[in-house]
Amino acid sequence: MTNIQEALQNYKAQYDQLMKEDFNIDMTRGKPSGEQLALSFGLLDMLKSEDADNYMAYFNYGIPGGIPEAKALFADLFDVSQNEVYIGGNSSLNLMHDMINKFMFYGVSKEAQPWKDQKVKFLCPVPGYDRHFTICESYGIEMIPVAMTDHGPDMEQVESLVKDDASIKGIWCVPLYSNPQGYNYSDETVERLANMHTAADDFRIIWDNAYGYHHLGEELIKVKNLLHACQSAGHPERALMVMSTSKMTFPGAGVSALAASETNINYLLSLFAIQTIGHDKLNQLRHVKFFGDKDGLIEHMRKHKEIMAPKFDIVDAYLSEKLYSPEVCKWNKPQGGYFITIDVLDHCASEIVAQCSALGLKVTPAGATHPYGKDPNDSIIRIAPSFLNAEELKEAMDILCVVINYVTLKKL
Ligand code: PLP
């Protein structure tokens with residue numbers, strides 16, 4: 001019997017053994033763990049009825065663009081000026097969705113044509129964030145996959161696509177610790193995105209800085225400022241940068257923000273004002289009081305790192321030690337963010353996810369990282385280690401490694 005056949009039999013036996021157990025582990029989404037959520041319980045004590053008189057304006061309608069304290073904090077976080085900031089509701093996804101919605105129905109500016117009257121395409125670096133793709137799908141925006149590299153999207157491809165096709169109206173970018181690979185955009189990528197010639201004069205970059213302060217290493221990596229780069233390149237309206245505190249305090253009860261040119265902010269504010277008289281100003285105030293300032297927020301994120309980094313180490317250790325051979329699987333060890341991407345042998349990812357599910361381990365569906373849910377190579381699996389505790393994560397990685405070995409060796 002060859003080595004591979006012996007190994008396969010061995011993994012099959014391990015798989016059968018796991019089948020006898022009763023696992024129920026879910027690592028489908030990048031949710032903070034209870035331990036991480038507890039870091040922010042103090043947020044709940046930030047407003048006291050004794051202080052209410054000081055904030056009368058915040059208890060009422062008004063101040064639709066966000067309270068000045070929150071604008072100051074987010075301006076600092078984005079490294080822009082306060083009039084280049086809009087404070088949104090509890091979700092940056094909501095902000096991104098609403099921007100696309102406004103562009104569809106009203107256009108990207110007072111002068112521009114609504115996108116709904118035109119053919120609209122978006123560039124989607126792949127693998128990428130499934131919910132960006134769902135927004136496009138929901139509005140009938142055609143998605144064009146472009147390859148992601150370890151320094152951002154393949155810019156040769158991006159530049160050659162946008163230069164002639166005026167229906168390409170935008171690109172989704174997760175510039176720091178990208179979802180799902182944890183890659184960072186290089187200065188050169190930022191410069192090229194800001195400077196490139198686009199056939200569409202209403203081209204927009206949705207710069208989703210969801211993981212801007214979510215470091216796992218010692219270095220606080222920073223991506224070059226897109227808004228400034230676009231301003232210097234003479235395309236000040238091209239950049240639309242969003243972030244939120246979802247994975248700093250509480251997902252679903254955080255604060256989101258948009259940074260863009262003053263013209264864009266004023267235009268979008270005029271449209272957002274149709275749908276809301278203002279977002280939750282008390283939550284904005286609670287967040288500002290809780291973090292204090294940018295340094296306070298960075299310190300808070302260091303506590304998240306202490307919980308998260310060991311989990312990323314566990315995943316890396318299991319993959320390093322338990323996989324049959326590096327041929328069957330490549331993975332990255334990001335310096336931040338929430339995900340680890342595993343690139344398995346072609347045409348194996350769906351079966352691995354299905355077999356994991358049969359054993360009681362739920363993993364993000366294969367294909368979710370690609371437009372229309374279709375990974376042409378069927379090779380990408382997204383691992384989200386944050387929610388599980390160390391013991392559950394070890395169990396999950398045990399199962400995953402056995403299944404990867406079993407399925408890929410069958411293929412080999
Ligand atoms: N953007 C990216 C890249 C994400 O990974 C996530 C959540 O996983 C979000 C946005 C959602 O952010 P929010 O909670 O602010 O809507």
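Questions on a predicted model

Me: Is Asp-76 buried, partly exposed or exposed?
Reply: In this predicted model, the relative accessibility of Asp-76 is 40%. Buried means under 20% and exposed means over 50%, with partly exposed in between. Asp-76 therefore counts as partly exposed.

Me: In which helix is Asp-76 found?
Reply: The protein has 13 helices and 13 strands. Among the helices is one that spans residues 68-78 and holds Asp-76, namely helix 3.

Me: Which residues gather with Asp-76 in a patch of negative charge on the surface?
Reply: A residue needs over 30% relative accessible area and no salt bridge to belong to a patch. Asp-76, at 40% relative accessibility, is one of the members of this patch of negative charge.

Me: Where is the place of Leu-47, and is Leu-47 buried or partly exposed?
Reply: Leu-47 lies in the loop between helix 2 (34-38) and helix 3. Its relative accessible area is 24%, and the term buried is kept for values under 20%. Leu-47 is therefore partly exposed.

Me: What distance separates the C-alpha atoms of Leu-47 and Thr-263?
Reply: Along the chain, Leu-47 and Thr-263 are 216 residues apart.

Me: What radius of gyration does the protein have, against that of a compact globule?
Reply: The C-alpha atoms fill a box of roughly 75 × 60 × 35 Å along the principal axes, and buried residues make up 55% of the 412 residues. For a compact globule with 412 residues, the radius of gyration would be near 22 Å. The protein agrees with this, at 23 Å.

Notes. Residues numbered from 1 in each chain as written. Predicted model: local features only at pLDDT ≥ 70, side-chain atom pairs only at ≥ 80, totals over all residues. Heavy atoms only, no water. Patch = residues over 30% accessible without salt bridge, like charges linked within 9 Å, V, L, I, M, F, W, Y side chains within 5 Å. Areas by Shrake-Rupley, 256 points an atom, 1.4 Å probe, with all protein chains shown as cover. Salt bridge = Lys/Arg side-chain N within 4 Å of Asp/Glu carboxyl O. Lys, Arg positive; Asp, Glu negative; His and termini not counted. Charge placed at Lys NZ, Arg CZ, Asp CG, Glu CD. Helix = DSSP H or I, 4+ residues; strand = E, 2+ residues; numbered from the N terminus. Buried < 20%, exposed > 50% of the residue type's maximum accessible area, 1.4 Å probe, protein only. Rg over C-alpha atoms; globule rule 2.2 N^0.38 Å.
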